[in-house]
Amino acid sequence: MNSHEKKSLTRVVKLSFDPQHIETFRSILADHIAAISNMEGCIRVQGFQDAREPYIFFTISEWENEQALDNYRYSPFFKNLWAKVKPLFAEKAMAHSLLAVV
C-alpha cells in the first residue's frame with residue numbers, strides 16, 4: 001500500500017459489566033448492531049464475549065477512515081446508545097483505534 005492509499009481504521013472497545021447486566025447488554029447490542037453496521041463509513045462491526053470472563057465484551061468495528069468513526073461517535077444515535085450502556089459498566093470502557101501495519 002503506498003502512502004496515498006487510505007487505510008481503514010479498526011476500533012476495538014473493551015467493555016466490562018457488572019454480572020447482573022450481561023444479558024441487558026447482550027440485548028442492547030443485538031438491537032443496535034444492524035444500525036451501527038449501516039452507519040455511513042462502517043465496513044463491519046462485531047461483538048464478542050470473553051470465553052473465560054463472561055462479564056467482559058469487546059466490540060470490533062472497521063471504518064473507512066477516522067472521520068467516519070468520529071461521525072458515528074458524535075452522532076445522536078451513538079449518544080443515545082452510550083447513555084443506555086454506560087450505567088451497566090463495572091469499569092471504564094477502554095477503546096483503541098488501530099491501523100494495520102501489514
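In what order do the four strands of the open sheet lie, and is their pairing parallel or antiparallel? The points below take up that question and then turn to the helix and the aromatic residues.

1. The model under discussion is a predicted one. In it, the four strands form an open sheet whose order is β2-β3-β1-β4, with antiparallel pairing. The edges of that sheet are β2, covering residues 42–49, and β4, covering residues 94–98, each of which pairs on one side only. From one strand to the next, the twist averages 15°.

2. As for the overall chain, the protein has three helices and four strands, and these follow one another along the sequence in the pattern β-α-β-β-α-α-β. The C-alpha trace spans about 50 × 30 × 20 Å along its principal axes. Among contacts with a separation of 6 or more, 70% are accounted for by residues 24 or more positions apart.

3. Strand β1, made of residues 9–16, pairs with β4 in the antiparallel sense over five bridges. Within this pairing, valine 13 has alanine 95 of β4 as its bridge partner. Helix α1, residues 22–37, packs on the sheet and touches β1, β2 and β3 (56–63), while its direction makes about 170° with that of β2.

4. The structure contains nine aromatic pairs. One of these joins phenylalanine 17 and phenylalanine 89 in a tilted arrangement, at 5.5 Å centre to centre and with 55° between the planes. Because phenylalanine 17 sits in the loop between β1 and α1, and phenylalanine 89 in the loop between α3 (76–85) and β4, this pair ties together parts that are 72 residues apart in sequence. Phenylalanine 17 is buried, with a relative accessible area of 1%, and phenylalanine 89 is buried as well, its relative accessible area being 14%.

5. On burial and surface, 32% of the 102 residues of the protein chain count as buried. The accessible surface of the chain comes to about 6,900 Å², and 53% of that area belongs to carbon and sulfur atoms.

Note on methods: Residues numbered from 1 in each chain as written. Predicted model: local features only at pLDDT ≥ 70, side-chain atom pairs only at ≥ 80, totals over all residues. Heavy atoms only, no water. Pairing = 2+ DSSP bridges. Helix = DSSP H or I, 4+ residues; strand = E, 2+ residues; numbered from the N terminus. Axes fitted to C-alpha atoms, helices over the stretch in contact; angles between N-to-C directions. Contact = heavy atoms within 4.5 Å. Phe/Tyr/Trp six-rings, centres within 6.5 Å; stacked < 30°, edge-to-face > 60°. Buried < 20%, exposed > 50% of the residue type's maximum accessible area, 1.4 Å probe, protein only. Areas by Shrake-Rupley, 256 points an atom, 1.4 Å probe, with all protein chains shown as cover.
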